[in-house]
Amino acid sequence: MQKNEVMNDFKKLCEIPHCSCETEQMREFLADFALSQGFSVNIDEAGNIHAVKGEPKICLQSHYDMVCVGAAPNLQLIEEDGILRAKNSTLGADDGIGVAMMMGAMREFANLECLFTNDEEVGLVGANAFKGKILSPNLLNLDSEEDDRVTLGCAGGINVSAKIGAQTVKKSGKIYEIGVTGLSGGHSGNEIHKNIPNATKLLAKFLAEEGCELIGLDFGERSNSIPANAVCKALCAHEPKQRGLAWVKSLGDGEADVLVNSGKILALINSFAQGVRSYDTQLGMVNESINLSTVKQKGEVIEFDFFGRAMKREGLENLGFETATLASVLGFDVRVADRSANWAPCISDFAHLVLEELQKQKPQAKFAAVHAGLECGVLVAKQPELQACSIGPNIHSPHSVNEHCEIASVEMMAEVVRNIIARLQ
């Protein structure tokens with residue numbers, strides 16, 4: 001891969017809309033590209049693109065959807081001081097950089113397998129639905145976000161959905177639009193230990209303290225993002241005093257349809273403990289965490305989405321049990337569903353090869369596990385014989401408008417990937 005080739009390919013990808021669940025244009029582009037490079041191509045019902053050329057001993061894997069927050073998918077790139085970001089939006093370096101590195105490798109190598117998975121950001125949908133077989137004995141995932149580690153394990157995930165009726169009663173009084181907006185947000189796994197403020201939690205506390213009742217609400221953005229924005233309409237007994245991060249806009253006096261279960265909705269938000277639940281001091285990483293991701297009105301119900309992560313199965317079960325118990329006591333209907341399995345670390349010969357190549361560029365590089373879901377964990381569960389690991393360049397604040405990547409790190413990692421493939425030709 002030539003210098004700057006990966007960044008040039010990534011910038012081309014940024015011109016193609018590819019928000020999760022709206023990836024058709026990107027799928028067509030990547031399939032056509034793979035065919036143009038002499039690969040056989042199979043696209044399954046989930047939108048996964050499986051491309052094979054020659055007799056490969058390594059399969060590269062990345063997802064081609066992105067989290068769209070802010071102005072995305074209309075990306076206006078800004079490059080300065082060795083950093084690439086997008087103006088007022090997510091960048092999609094997660095995992096567009098991985099896709100771009102795969103494109104460079106496809107141009108160069110005669111024996112290569114590539115798996116572009118779809119809709120990773122909304123529940124590892126593509127990887128979970130993949131029914132094909134990876135032909136290579138070695139799987140290299142390119143969805144990691146720190147360039148000094150080889151990831152060999154990841155947290156499992158669960159979704160807890162809590163629903164309650166959206167019935168209303170007419171009341172008269174002072175009506176306001178109230179919100180907490182423009183926070184940094186962040187990845188609900190990789191950044192959960194940073195104590196990033198949750199806009200939904202901040203707003204609910206303000207509403208409860210001011211004695212307000214909900215008329216309508218829109219809290220949070222994505223299942224795997226710490227909420228950056230929460231806005232509602234509310235009926236308040238007195239004029240709320242604007243303070244902290246909350247803003248208040250008066251809509252005048254009048255009659256409104258107030259949510260009957262407003263008190264229970266606010267009580268669940270305010271009693272829920274956001275963030276890290278346990279920490280592994282030996283590994284120096286989060287063990288269990290849970291994020292209140294979204295609260296939305298969907299027809300006749302108000303639905304909460306909680307996303308829990310844990311490094312062990314027992315931890316996932318405990319997070320689900322505790323959250324379900326809390327919501328049930330307040331009268332919510334609760335459903336707990338597995339999102340992804342945890343991936344237990346295994347140091348294989350392939351992992352040693354990857355670490356050896358990375359240490360040529362980053363002598364301090366080491367094996368690690370990550371408090372986030374990775375598709376290679378799902379794929380290894382389907383094919384336990386695979387030797388798998390994950391690497392990637394430095395990408396900061398994914399899933400938020402502050403997402404940015406280090407260009408030098410991207411170019412370094414592209415060279416590492418190239419050298420790994422070359423050793424397996």
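Arg339 sits over the face of Phe307, 4.0 Å from the centre of the ring. The model is predicted. The structure holds three aromatic pairs, and a search of the whole of it finds two disulfides.

**Aromatic pairs**

- Phe304 and Phe306 form a stacked pair, with 5.9 Å from centre to centre and 20 degrees between the planes.
- Phe304 and Phe306 are both buried.
- Phe304 also pairs with Phe332, here edge-to-face, at 5.3 Å centre to centre and with 85 degrees between the planes.
- The pair of Phe304 and Phe332 links distant parts of the chain, 28 residues apart. Phe304 belongs to strand S18 (residues 301–310), while Phe332 is in the loop between helix H7 (313–329) and strand S19 (333–340).
- Phe332 is buried, as is Phe304.
- One aromatic cluster is formed by Phe272, Phe304, Phe306 and Phe332.

**The open sheet S4-S5-S23-S22**

- Four strands make up an open sheet in the order S4-S5-S23-S22, and their pairing is antiparallel.
- Strand S4 (77–80) and strand S22 (395–396) are at the edges; each has a single partner strand, so one side of each has no neighbour in the sheet.
- Strand S5 (residues 83–86) and strand S23 (residues 404–406) run antiparallel and are joined by three bridges.
- Among the residues involved, Ile83 has Glu406 in S23 as its bridge partner.
- Helix H10 (residues 407–423) packs on this sheet and touches S4, S5 and S23. The direction of helix H10 makes about 60 degrees with that of S23.

**Disulfide Cys19–Cys68**

- Cys19 and Cys68 form a disulfide with their sulfur atoms 2.0 Å apart.
- The torsion about the S-S bond of Cys19 and Cys68 is about -95 degrees, which means that this disulfide is left-handed.
- Cys19 is in the loop between helix H1 (5–14) and helix H2 (24–36), and Cys68 is in the loop between strand S3 (58–63) and S4, so the pair ties together parts that lie 49 residues apart in sequence.
- Cys19 is buried at a relative accessible area of 9%, and Cys68 counts as buried at 8% relative accessibility.

**Disulfide Cys212–Cys236**

- Cys212 is joined to Cys236 by a disulfide, with an S to S distance of 2.3 Å.
- About the S-S bond of Cys212 and Cys236 the torsion is about 105 degrees, so this disulfide is right-handed.
- Cys212 is buried, its relative accessible area being 7%; Cys236 is buried with 4%.

- With the bonded cysteines of the protein numbered in sequence order, the pairing reads 1-2, 3-4.
- Cys14 is in no disulfide, and its nearest cysteine sulfur, that of Cys405, is 8.7 Å away. A disulfide requires sulfur atoms within 2.5 Å.
- Cys14 is buried, with 7% relative accessible area.
- Cys59 is in no disulfide either; the nearest cysteine sulfur belongs to Cys114 and is 6.7 Å away.
- Cys59 is buried, with a relative accessible area of 0%.

Terms used
Residues are numbered from 1 along each chain as its sequence is written. This is a predicted model: local features need pLDDT of at least 70, side-chain atom pairs count only at pLDDT 80 or more; totals for chains, interfaces and linings use all residues. Side-chain values use heavy atoms; hydrogens and water are left out. Rings of Phe, Tyr and Trp (its six-membered ring) pair if their centres lie within 6.5 Å; planes under 30 degrees apart count as stacked, over 60 as edge-to-face and the rest as tilted. Buried means under 20% relative accessible area, exposed over 50%, partly exposed in between (1.4 Å probe, protein chains only). Helices (H or I, at least four residues) and strands (E, at least two) are DSSP runs, numbered from the N terminus. A charge sits over a ring if NZ of Lys or CZ of Arg is within 6 Å of the ring centre and within 35 degrees of the ring normal. Two strands pair if DSSP finds at least two bridges between them. Contact means heavy atoms within 4.5 Å. Axes are lines fitted to C-alpha atoms, for helices over the stretch in contact, and angles run from 0 to 180 degrees between N-to-C directions.
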